[in-house]
Amino acid sequence: MKQVAFYQLTPSETEEHFLNIVFRFQVAKSGTIRLQLPIWRPGRYQAQHFSKNIPQVRAFDSAGEVIKLNKRGTSSWEFQGIKNQHVEVRYSYFAQQADAGGSVSNEEMIYVNFITCLMFVQGQEEIPCEVKIDIPQAWKVSTTLKESKNGLWLAPSYRELVDSTFLSGEEMNQHHWQQGDVHFWAEGIGSASVFQVKLLEAYRTISAFQLEWMGHFPVKEYRFQHWIKEEAFYHGVEHRSSTMMVLGPPDRDLYDDLIGLASHELFHVWNIATIRPMELWPYNYAEEIYFPSAWFVEGVTTYLGDWFLVASGVYQREEYLASLLGNLKLHFERDGASKQSLIESSIDLWLDGYGKAIPGKRVSIYYKGAIVALALDLMIRKKFAHRKSIREVMIQMNENFGRKQQGYTLADVYQMVEEVYEASLTDFWQIWVEGNDPLEEPLNELLDFVGLKLEHSDRGLLLNQLDEDLNSDCQEWLQGIIK
């Protein structure tokens, strides 16, 4: 008999914000069975210990007899199982983490990041999953899961289930379009005024450009999911087939924030969901996983996510240069003298990467990582007169690792870049990635190629043009012509 994991999620009628969860499975082999709830989620490399939202876990056999569970650590439970034994696990989950990476349950909506609340049997991460979610019949749904004829939501494995989300409410804005053989959706809960023609056209343009730029899209359907909140908010989380973006309030212009976030998260379909460090292939949800290439995951995506806006024509050049300056200032004015290298800060993500660190300690893998990506792009373009760029690096990474479903090492990143550059870059890696020397001077040497220069003034850091008009190399860089 084929193994299937079954989950049922029901909003509690007696306890506000709680989801009552039932997990049923069949024991594959007699012995110690470990139930595990993930302690972290992809996209945020920090232990969050979602089990803090579970008051109690109970288990029963097919006769309704209690199975004694022994807690092992903060997020796992063990029992002695018998082969083919049917087990039902029951627990409640406090769903009130109202951001893109959490889960929320209230009278108006339900938003579930399955990785936050669904446990699994260790060793059975690859078996198919069925999910039943009890919601009012009139509510609309946005999810990348497939619906069966009997109303269950299906995933081919636990891994694919927890790389999915489920958003539902009575009112939902839904728009869709086709780009080649990929079906795109822009949908979400909140003010309909946000989903203006201008925003939807920008999504279409950005998506079309990224698909052509990479030449291969790993999935056949992709959803831009939104929750437009009444309070000020900005947060996004990537998934292989979707992104969830939580922004607000709707009475301010959210357009720039949305297109920037959407472009960034869409490129993560390649750069982490598909092209993934070896340490994360496959994901181990039960432990902190340190990897020195987090700067490549987030820095390259930060740089390209913004650059796609101007290269696709969604942004004017002046808008992009202003955005680029903003990112440069976030590094040079805040972290420029920090003691850690990008590699050290990549590993320390798990320690203090998303909150305050002691003064002068770490650099941002997003912003310094984006500067490294900018530098690599300009170096390659300069040497090859724009016949090559960072695009060739990402295509090679996709061909050699993403499409083969093989993880890469930091040495592989170095090798792919050097193959595209056709020369050793040992000194570059030592200064830009492995060291903590100031980068303003070497960056200006590269910016000179495109007629730009970082300068200090009474107003802080400025990105000035060396000539009145953008030079031809700058225009080539910002036009994003695919040769």
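Some ground rules before the details. Residues are numbered from 1 along each chain as its sequence is written, and side-chain values use heavy atoms, with hydrogens and water left out. As the model is predicted, local features need pLDDT of at least 70 and side-chain atom pairs count only at pLDDT 80 or more, while totals for chains, interfaces and linings use all residues.

Two definitions come up throughout. Strands are DSSP runs of E, at least two residues, and helices are runs of H or I, at least four residues, both numbered from the N terminus. Two strands pair if DSSP finds at least two bridges between them.

Inside the order, strand 1 (residues 5–11) and strand 12 (residues 129–133) run parallel, joined by 5 bridges. Ala5 has Cys129 of strand 12 as its bridge partner.

Next is an open sheet of 4 strands, with antiparallel pairing in the order 9-10-16-13. Here the edge strands are strand 9 (104–105) and strand 13 (140–143), and each pairs on one side only. Strand 10 (residues 109–113) runs antiparallel to strand 16 (residues 165–169), with 5 bridges between them.

Now to strand 18. How much of strand 18 is buried? Buried means under 20% relative accessible area (1.4 Å probe, protein chains only). In strand 18 (residues 182–189), 7 of the 8 residues are buried, so the strand is largely enclosed by the rest of the structure. Strand 17 (residues 173–179) pairs with strand 18 in the antiparallel sense over 7 bridges. Gln179 is bridged to Val182 of strand 18. The hairpin of these two strands has 2 residues between them, and Gly180 there takes a positive phi near 65 degrees. Strand 18 is also joined by 7 bridges to strand 19 (residues 221–228), and that pair runs parallel. Trp185 has Arg223 in strand 19 as its bridge partner.

Last, Asp253. This residue lies in the loop between strand 21 (242–248) and helix 4 (255–267). Is Asp253 buried or exposed? Asp253 is exposed, at a relative accessible area of 58%, where exposed means over 50%.
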